[in-house]
Amino acid sequence: MIPFLFYMAAAIALVSTVLALTRSNAAHALIYLIISLLAVAVVFFLLGAPFAAALEIVIYAGAIMVLFVFVIMMLNLGEEGDQRERGWLEPGVWIVPAILAAALMIETVAVISMTEGMTSGEMVSAKAVGIKLFGPYVLAVEIASMLLLAGLVGAYHVGRRLSERRRGGIS
Amino acid sequence: MGGLVVPLEHVLLLAGLLFICGLTGLMIRRNVIFILMSLEVMLNAAALAFVAAGAYWGEPDGQIIFLLILAVAAAEVSVGLGLVLQIQRRFKTLDLDQASRMGG
Amino acid sequence: MMTPTELYALAPFIWLSVGVIVLMLQIAFSRSLNGACWVTNLTLLVALYSMVGHDPAGIQVTPLMRIDALGLMFCAVIICGSVVTSLLARDYLKQRPAENEEFFLLLLLATLGACVLVCATHVASLLLGLELLGVALYGLIAYPEKGERSLEAAIKYLVLSGAASATLLFGFALLYAATGTMDFAILADKLDTIQVNSNPIIVLTAAAFILSGLAFKLSVAPFHMWTPDVYEGAPAPITGFLATVSKGAVFVVLLRWFIDGQLYEFRGIILGLSAVAIASMLVGNLLALRQDNIKRILAYSSIAQFGYLLVVLIACGTLTESIPLAREAASYYLLAYIITTLGATGLLTLLSSESARERDHIGDIVGLFWRRPLLSLGFTVAMLSLAGIPLTAGFIGKFYIFKIGADAELWALMSAVIVGSGLGIFYYLRLVFNMTKNPRQVHALPQQTSLEGRSVLLLLTLLILALGVYPQPLMDYLSAIL
Amino acid sequence: MELANLIVIFLFGGLLAWLAEMMMENSARWVSLLTIALCSAYLWRLVGHIPAELFHINPVANQAGTWLMHHQMNWIPRFGVSFELAMDGLSLLLIVLTLFLGVVAVVSSWAEVDHHRGFFQANLLWTLAGVIGVFLALDLFLFFLFWEVMLVPMYLLIAIWGHEGKAHAAMKFFIFTQVSGLLMLLAIIVLVVLSAETLGRYSFSYFDLLQNDLSGGVATMVMLGFFVAFTVKLPGVPFHTWLPDAHTQAPTAGSVLLAGILLKTGAYGLLRFTVPLFPEAALQFAPIAMGLGAAGVVYGAVLAFGQSDFKRLVAYSSVSHMGFVLLGIFAWNHLAIQGAVMQMVAHGLSTAALFMIAGALQQRLHTRDLGAMGGLWHNMPRMGALALFFIVASLGLPGMGNFVAEFLILVGLFQSMPWMAVVAALGLITGAIYSLRLMQEAFQGKPDAHRTLPDFGPLEMTVMIAMVIGLLWLGLYPQPVLDLAQPVINSLTAEVQL
């Protein structure tokens, strides 16, 4: 039963990712991407990582994807952009990268299936993660806070409209 | 539920496939939003591989790296989407080729 | 929990973080470009001072970071690089009035990221350092308000650097799956047993992912495509920061991972690196020949320079005894490269500070020699150093490369270095030649840049010469601590 | 430190010349002359302090005896690099030549250089500093340093003050010498690494490396690294292609320095380093090297004959004359080496003078094309007479230095490889043809009556006459020069037998 669930989730994740990346409408693509993330969350859960599964849903599928939704709504992308994107999805455009990717895929599949017999491990609870996170990895938490700050400042500066001073100067 | 229910290589395979989907998307799409989505897929695939490996060794380290990758993804996406807004405002397009002003 | 010794070892990082918070508060209360600049420099100097007296033998602070001589030295170099950048950036930003104070905030964050990176001994700290540096740089590259090129550069850098990070992470995940450790030092033992027990193919694949991720960040061929556009589009002070601090820090962490993890024992990795090195030397130098933009020339030149530097890693594979020398050589070469490139891009920053326009076209420096002899002399020295002419730091760096290459008998690589250097002369001298040409019309420059900008450049020039003329003290120091 | 002062004087002189021009118009060239004078006086004093017997000793067994002065100081002990300077008869001879041609170069730039005079003189003096460093350095690292560093001011001389194709010519000059220089650097490092195995430590010192006899394939490869670098500078066929461009495009002073001194650094390197460090490899390689030399003699002469550009013609004649030097060095017997040394000095003087005349003509006629000249003797009799003198000197008329030199080389060569001497002698005949053609087209023929051209002034006449005297002295009474070089050649040929 459980292996079946895994393969099911894996199939859903793969299919919805492929669909997400081949849509021409950004909003549609986003829905597929969220489905894919949810499927990956199921995989996490099956792997004995319930904490990661919860975070995948809350933060990834929830928070980060909502950012995308905001931006897509704000930009209100029209039909024209969709048309152009469709143009990019003609075979002539993507055939070469796709062949490259296929080659890489075959290689990866081959390499990974060559390593054998790796099934062991046990469930890792949220508590264990927490203890280790604030133990040996405490520095990582601190640096991650700085990283988020950098993201915040960067996004604020990059995303804002022209500065007040300049607009004042023009008017 | 506990431990690995399927061989590790199958999970890594899934991660690899997702990663390559992301990479392909990154290479063939021209719309910045889609490129950022592909980036997310790639990061998520790496995170999946970490969680799987952590589960295999029975250690929380894999999940911790997953957490860090979440932070990384959030930071990257926030700046990336900020840039998207600015690009749309400045160039009136999200197509990277059309927005290109430099030689290479 | 942390012991006081560990906290003391972390002092530079703590001071940098404190500086970030202070600066943020200051910006919240009142915006002032000068104020932000001085808070930044004060923070950097305090962090620099807090490094004095640390034990060069090193201390492991949690599995994540190792504060040792190599790390401390490069932290110091990175901090000095940031001081130079912030001093030069002040004049540059003055010409471009806007909300400019965040520039320094991002600069401090990037510095912190680079410092974390050079001390990283674990995947987690490597990831965070790399990303802190990267995310801060996205903001810095896109900083100019009206810059269209900078916007394009930022998005390109973001996408490719993000993809590189993901690749790198995927590689580390595979390595973790295969070995069960993310600690570089433990990695070596684990790899030993794997090599004996089963086939190393998964390790090789993982290493290929990791190395291509790092190669993207170092912009060596064939992962170099982003470099010229990003260098060209970034504001001049950030081009310098990107070329020196960012690349240098990534190389140091590569050195750590490669040597601590004993990856040089894999023949396949060495072969791959050799191919990458030769390709970088040739591609970088050949493509630089056709450029007319100085930043692009410097970008291609940096591709080639890192091609030369990879020789140091490759030599470890053929001659294990040369590892201490490899560390020393890499450190000297990187130092020389950082100082030289800061000097070269510093001139562009200074020129761009005199007008609201980026002055980075080769035509912008025509006749500069006769208008600004001292600055031009500095730029000439920097070019000669990049070309590896004696009496400059760059020559001693190249001497190290030759020495280590001769020790390890890497003749194919050495011939590529010679051919590459020969090609390199062409475009370095072309810049010098353009400066000495008589200009058709003499531009009247609106205003002079501030004294500290010029004195920083002068100081860098003197350093290039000092490291070239009397390298012994630094060599002694490096060979003693590494 | 006395020897280092010779270099330091020039370094500071250059800086001073640059600054002086900023303060006062036209002062830089005087500073240059004063610097050279000061350095000459200093050298005179140094030589005066050397015990006379050192010059006359015949030290076949006593190698240290050939060194008149020697100075060593730690520099980069990490890699066994020291600041080691030494002077023997050969270096002394070449330094004197350098100083003399330095004056010639300053005088020939006197009226020609009309912009940025201070920086010009600075570069001129820095080039001289580099050349003197090359002639004095006995640590191979230091030698390489001077070898490369002297390129930079020379590059600037050509690139800033050169003629129409200066960018290309300067670049070509720099890339040729730099790439071959890097080959030499790699060869030096390999040599040091290999000899560290027997020596037990790294050392770049000439004397330490002499102890170590490399043999086999490695020796040949390393020797080739040196050989290529020096042959590029000499220049020998097939590495000569930079020379015609650089000589033609350089300002007169640049051509004088290039032809007069810089080419000699290549010959000096072959004589001092290539053969003594790798005697076995050099022995095996000697036929090829001599073949290149002979090819250079003939090829240079034939190409010189086809030129219509005054400077280019002289440049190709340099290829031909320096081919003799290559022949002489690799014939490696007493007479031939003496001839090579003599040729270095004599060719330095005669070619420098010819370039000075070419420069004077270009300044007056604004062309170097022989077709546009003719009958100049009528306009400028003094210059015509001098040109005749130097042309016949360079074609090797008895009584002048070049004759002595080429005669010695041919005699020496005949002892080891007779047929090679025959080929080289062929080059002499061709040399006579192109030289006379040069004289005829430029100075003889129907004068242009409308042309009024100023003849050589007193300053130029002074250095010209000095060069005339020098060449005559070398031709009629070469003994002092031969004596000066004698002990060095004795010890070289005694140490190393090819």
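Modeller: Chain B and chain A bury about 7100 Å² between them, with 77% of it on carbon and sulfur atoms. This is a predicted model, in which local features need pLDDT of at least 70 and side-chain atom pairs count only at pLDDT 80 or more, while totals for chains, interfaces and linings use all residues. Residues are numbered from 1 along each chain as its sequence is written, chains are lettered from A and ligands numbered from 1 in the order in which they are written, and side-chain values use heavy atoms, leaving out hydrogens and water.

Biologist: What makes that area "buried"?

Modeller: Buried area is the accessible area (1.4 Å probe) that two parts lose on being put together, summed over both. The contact takes 82 residues from chain A and 74 from chain B, where contact means heavy atoms within 4.5 Å. Of the four pairs of chains in contact, chains A and B share the most contacts.

Biologist: How many salt bridges are there between chain B and chain A?

Modeller: One. The side chains are those of Lys132(A) and Asp61(B), at 2.8 Å, N to O. A salt bridge needs a side-chain nitrogen of Lys or Arg within 4 Å of a carboxyl oxygen of Asp or Glu, and 2.8 Å meets that.

Biologist: And what about chain B and chain C?

Modeller: There 43 residues of chain B are in contact with 41 of chain C. The two bury about 3400 Å², 78% of it on carbon and sulfur atoms, and their salt bridge count is zero.

Biologist: How far apart are chain A and chain D?

Modeller: Their nearest C-alpha atoms are 39 Å apart, and the chains do not touch. Chain B and chain D do not touch either, with nearest C-alpha atoms 26 Å apart.

Biologist: How do helix 18 of chain C and helix 7 of chain D cross?

Modeller: The axes of helix 18 (residues 411-436) of chain C and helix 7 (residues 151-161) of chain D come within 10 Å and cross at roughly 50 degrees. That makes the pair oblique: angles under 35 degrees count as roughly parallel, over 145 as roughly antiparallel, 65 to 115 as roughly perpendicular and the rest as oblique. Axes are lines fitted to C-alpha atoms, for helices over the stretch in contact, with angles from 0 to 180 degrees between N-to-C directions. Helices themselves are DSSP runs (H or I, at least four residues), numbered from the N terminus.

Biologist: Which residues meet there?

Modeller: Leu429(C), Val432(C), Phe433(C) and Thr436(C) meet Tyr155(D), Leu156(D), Ala159(D) and Ile160(D).

Biologist: What does the salt bridge between Glu99(C) and Arg31(C) tie together?

Modeller: The two side chains meet at 3.9 Å, N to O. Glu99(C) lies in the loop between helix 4 (69-94) and helix 5 (101-118) of chain C and Arg31(C) in the loop between helix 2 (11-29) and helix 3 (33-49), so the pair ties together parts 68 residues apart in sequence.

Biologist: What makes the Ala221(C) and Pro222(C) bond cis?

Modeller: Omega is about 0 degrees. Pro222(C) is found in the loop between helix 9 (201-218) and helix 10 (226-233) of chain C. Ser219(C) is found in the loop between helix 9 and helix 10 as well, with a positive phi of about 50 degrees although it is not a glycine. Most residues other than glycine have a negative phi, and most peptide bonds are trans.

Note on methods: Helix = DSSP H or I, 4+ residues; strand = E, 2+ residues; numbered from the N terminus.
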